[in-house]
Amino acid sequence: MGQKKKICESATTFTQIVLPNDANPLGYLRGGKLMDWIDIASEITAQKHTGRIAVTVAIDVFSFKSPISVGDIVTVNVRITRTFRTSLEIRV
């Protein structure tokens, strides 16, 4: 039987620069684009941990605290907080 992976080994840091194509007419990152980056980073974390394809089933809370401008660098830090038989809980 294979050795279990520690959850700290699956953490992911995902970094992007906000380009004009990612922004709304006011020059701020579109919320849907940020959600996409978070979903990608979360999927990478889950797949690193399980070695299998993963999908997002639910998001508990998503709130915007301040705008992100074109040219800003966005870093998404993702870690697993709990594992279950067929699912993972991930914090971003």
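Two strands are said to pair when DSSP finds at least two bridges between them, and the views below apply this term to a predicted model.

**View 1. An open sheet built from 3 strands.** The strands follow the order E1-E2-E3, and their pairing is antiparallel. Strand E1 and strand E3, which covers residues 88-91, are the edge strands, since each of them pairs on one side only. Averaged over the sheet and with direction ignored, neighbouring strands are turned by 25° against each other. In general, the strands of a sheet pair through backbone hydrogen bonds, and they may do so in a parallel or an antiparallel manner.

**View 2. Strand E2 beside strand E3.** Strand E2, made up of residues 73-83, runs antiparallel to E3 and is joined to E3 by 4 bridges. Arg-79 has Arg-91 of E3 standing opposite.

View 3. Ser-10 belongs to the segment that comes before strand E1, which spans residues 12-17. Because its relative accessible area is 0%, Ser-10 counts as buried, the cut-off for that word being under 20%. When neighbours within four places in sequence are left aside, the residues in contact with Ser-10 are Lys-5, Thr-45, Lys-48, His-49 and Ile-80.

**View 4. The aromatic pair of Phe-62 and Phe-64.** The structure holds 1 aromatic pair. The ring centres of Phe-62 and Phe-64 lie 5.0 Å apart and the ring planes stand at 65°, so the pair is edge-to-face, a description that applies to planes over 60 degrees apart. Phe-62 is partly exposed, with a relative accessible area of 29%, whereas Phe-64 counts as exposed because its relative accessibility is 52%.

Notes
Residues numbered from 1 in each chain as written. Predicted model: local features only at pLDDT ≥ 70, side-chain atom pairs only at ≥ 80, totals over all residues. Heavy atoms only, no water. Helix = DSSP H or I, 4+ residues; strand = E, 2+ residues; numbered from the N terminus. Buried < 20%, exposed > 50% of the residue type's maximum accessible area, 1.4 Å probe, protein only. Contact = heavy atoms within 4.5 Å. Axes fitted to C-alpha atoms, helices over the stretch in contact; angles between N-to-C directions. Phe/Tyr/Trp six-rings, centres within 6.5 Å; stacked < 30°, edge-to-face > 60°.
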